Amino acid sequence: MKRLSDKTLTALPSEIRRPAYDRSACRSGIVHLGIGAFHRAHQAVYGDDLLAAGHHNWAICGASLRGPGVRDQLAPQDGLYTEAVAGPEGESLRVIGAVREVFFAAEDPGALVTRLADPQTRIVSLTVTEKGYCHDPASGALQHDHPDIRHDLQHPEQPRSALGFLLAGLRKRYEEGRKPFTPLSCDNLPHNGTTLRGLMLEMAEAADPALARWIEAEVPFPSTMIDRIVPATTEADRRRIAEKLGLRDEGVVVCEPFRQWVIEDRFADGRPPWEEAGAEMVGDVAPYEEMKLRLLNGSHSLLAYLGYLCGHETIADTMADDTLRNLARTFMDREAGPTLKLPPGADLEGYKGALIERFANPGLQHRTWQIAMDGSQKLPQRLLGTIRDRLQAGQPIDLSALAVAGWMRYVAGKDESGQDIDVRDPLAAKLARAFAEGEGDAAQTVTAFVALQEVFDPDLAGNSALRQALSEALGRLLAVGSARAVKATLARISA
């Protein structure tokens, strides 16, 4: 079967949407670091809308930092790929043309640095996941001993990390007297723009204090909030889409109908009119970000760990389990929701109800195992912020503690049937040792986990109410298993 490409676009069935604009006339004003499935199902779709509206200076040059997979998928397809929107009523397909070039950075780091320094590049956006920032999620500090950071400070022209590439590109612009580009974090980090700014300044200070002062004075770091559920694409997805297209598409992405992008409106050298494609340009992203992190992402993590341990493969499966569905909604209502400072015009009840409907979408096969990845990087912003605020207000944390205890039980590496769990986490070895140190005693296990300063800041780790709640929750999980522990917890708090 032929591959999707510019030459084969005309072979698509007439009902398949495809770029109607001249792609050869489009210039890449954005370089995106971390061109995985999420970016292609989110920011690049907004970009495709703008190119279709005639804003041809805002195509995307994508770069993979960790492997050649996406480059190998997209380069033979001229950057084209299919967005498969899976909703309760079925699936709709659209070919996206916003990506004009794809790099695998490790093959020629200097070429990517040159592209970052090119005046045509006005924005450098990132979706490199939490661990791609080479920082301690609990403190927000740069990990100076991270192998990639050490390498990038020693070999600044041949960077490996996202931070190293940003710094190298900004350095060339500084040395050549050019305007900076705007770094735009699109990752699930609290205050992601501010966090990225702090990390960049810390790294620049270690490399060249004069460069650090220029970045501090001249480079804006807008914060953003991104929202769309994008499961990992499977080979079955590719086969199904190929049958509908009549062409093989190695780069297909599957996603839900809902999408949202909130962007702080501060840019060094202009920006696309993203609002024309439905993005929200605001002065302060924080309320939107906190609402999403604590309700959507916090609930996702709760369902991922406890749902996996209950034997559920996907989030939709957890929503078919009345107890877990009740758990998610009660967590939002009782613990996460009351901690929020809502954005203007927010409909909190409507948002929570919509989340439950989105989680239950049968068209998405979003695996609990996928969401459970990298928990040590995700928990501080998804759950520990809620816990901190609840404790400061003297409020109970039963369900938040149960979610964190579920994570502790999950990263032990064995499920409740004794089968191995494929734990994917940069701290996987440390987490397994922490669980083993407890020797089956919940309180001892909690003590070992909260000593991990990469996850728990010292003030939170020393909170006796947190330790007590975690010990009780983990003790129930170990004693009666996840399904019974969830039911018992819900029964106790509703009594």
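This is a predicted model: local features need pLDDT of at least 70, side-chain atom pairs count only at pLDDT 80 or more; totals for chains, interfaces and linings use all residues.
Local features are given where pLDDT is at least 70, side-chain atom pairs count only at pLDDT 80 or more, and totals for chains, interfaces and linings use all residues. Residues are numbered from 1 along each chain as its sequence is written, and side-chain values use heavy atoms, without hydrogens or water.

Let us start with the sheet, which is open and mixed, with three strands in the order E8-E10-E11; strands are DSSP runs (E, at least two residues) numbered from the N terminus, and two of them pair if DSSP finds at least two bridges between them. Strand E8 (224–227) and strand E11 (280–282) are the edges, each with a single partner strand, so one side of each has no neighbour in the sheet. Strand E10 (residues 260–264) runs parallel to E11 over three bridges, and isoleucine 263 has methionine 281 of E11 as its bridge partner.

Turning to the helices (DSSP runs of H or I, at least four residues), the axes of H12 (residues 322–336) and H15 come within 11 Å and cross at roughly 40°. Axes here are lines fitted to C-alpha atoms over the stretch in contact, with angles from 0 to 180 degrees between N-to-C directions. Phe331, Arg334, Glu335 and Ala336 of H12 meet Leu383, Thr386 and Arg390 of H15, where contact means heavy atoms within 4.5 Å.

Helix H15 (375–392) also gives two or more residues to the lining of the second largest pocket, as does helix H10 (286–309). Among the 26 lining residues, Pro190, His191, Arg294, Pro380 and Gln381 lie nearest the centre of this pocket. A pocket is an open set of points on a 1 Å grid over the protein atoms alone where a 1.4 Å probe fits, with protein on both sides within 12 Å along at least five of seven lines, and lining residues have an atom within 4 Å of a point.
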